[in-house]
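User: I would like to learn how to read a structure feature by feature. Can we go through one together?

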Amino acid sequence: MKANGRTAPKVFKLAKRTLDPGQSTELTREHSFRPITTRVYYPGAHQVQLQVNGHQFDATDFRLLQP
């Protein structure tokens, strides 16, 4: 969410892995939304979407409330 109310994509790269066929791995990621000086979080609707090898999976919506 931008200051003007529009949304813009932001990519957070988690990891780079090479897997054999049929092999799997588990990854977790937490992101803090506490106020910091280098980033402003705007309240409103946001979306998270996982992308693996260029393939985008279903998005999940969440709402960031006014602090």
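User: Which residues does Asp58 touch, not counting residues up to four places away in sequence?

Analyst: A word on the source before the answer: this is a predicted model. Contact means heavy atoms within 4.5 Å. By that test, and leaving out residues up to four places away in sequence, Asp58 touches Val48 and Gln49. Asp58 itself lies in strand E2.

User: Is Asp58 buried or exposed?

Analyst: To decide, compare the relative accessible area with the cut-offs: under 20% is buried, over 50% is exposed, and in between is partly exposed. Asp58 has a relative accessible area of 73%, so it is exposed.

User: How far is Asp58 from His46 in space?

Analyst: Take the C-alpha atoms and keep two separations in mind, one in sequence and one in space. Asp58 and His46 are 12 residues apart in sequence, and their C-alpha atoms are 14 Å apart.

User: What does Gln49 touch, leaving aside its neighbours within four places in sequence?

Analyst: Gln49 is found in strand E1. Apart from those neighbours, Gln49 is in contact with Gln56, Phe57, Asp58 and Ala59. One atom pair can be named as well: the side chain of Gln49 reaches the backbone oxygen of Phe57 at 2.9 Å. As for cover, Gln49 has a relative accessible area of 39%, so it is partly exposed.

User: Where is His46, and is it buried or exposed?

Analyst: His46 is found in strand E1, which runs over residues 44-52. The relative accessible area of His46 is 16%, so it counts as buried.

User: Which residues does His46 touch, not counting residues up to four places away in sequence?

Analyst: With those places left out, the list for His46 is Met1, Thr60, Asp61, Phe62 and Leu64. There is also a polar atom of the His46 side chain that lies 2.8 Å from the backbone oxygen of Tyr42.

User: What is there to notice about phi of Asn53?

Analyst: The general idea comes first. Most residues other than glycine have a negative phi. In this model, phi of Asn53 is near 50°, a positive value in a residue other than glycine. Asn53 sits in the loop between E1 and strand E2, the latter covering 55-64. Its relative accessible area is 81%, so Asn53 is exposed.

User: Where are Val11 and Leu27 placed?

Analyst: Val11 is in the segment before E1, and Leu27 also lies in the segment before E1. Val11 is exposed, because its relative accessible area is 62%. Leu27 is partly exposed, because its relative accessible area is 39%.

User: How many helices and strands are in the protein?

Analyst: The protein has 0 helices and 2 strands. Its radius of gyration is 15 Å, well over the 11 Å that the globule rule gives for 67 residues, so the protein is more spread out than a compact globule. Along its principal axes, the C-alpha trace spans about 45 × 20 × 15 Å.

User: What share of the residues counts as buried?

Analyst: Of the 67 residues, 4% count as buried. The accessible surface comes to about 6,700 Å², and carbon and sulfur atoms hold 50% of that surface. For contacts with a separation of 6 or more, residues 24 or more positions apart account for 21%.

User: How many positive and negative side chains does the protein have?

Analyst: There are 10 positive and 5 negative side chains in the protein. The centres of the two sets lie 15 Å apart.

Technical notes
Residues are numbered from 1 along each chain as its sequence is written. This is a predicted model: local features need pLDDT of at least 70, side-chain atom pairs count only at pLDDT 80 or more; totals for chains, interfaces and linings use all residues. Side-chain values use heavy atoms; hydrogens and water are left out. Helices (H or I, at least four residues) and strands (E, at least two) are DSSP runs, numbered from the N terminus. Buried means under 20% relative accessible area, exposed over 50%, partly exposed in between (1.4 Å probe, protein chains only). A polar contact is a pair of N or O atoms within 3.5 Å; within protein, one must be able to donate a hydrogen and the other to accept it, and residues adjacent in sequence count only if both atoms are side-chain atoms. The radius of gyration is taken over C-alpha atoms; the globule rule is 2.2 Å times the number of residues to the power 0.38. Accessible areas come from the Shrake-Rupley method with a 1.4 Å probe; for residues, only the protein chains shown count as cover. Lys and Arg count as positive and Asp and Glu as negative; His and the chain ends are not counted. The place of a charge is taken as NZ of Lys, CZ of Arg, CG of Asp or CD of Glu.
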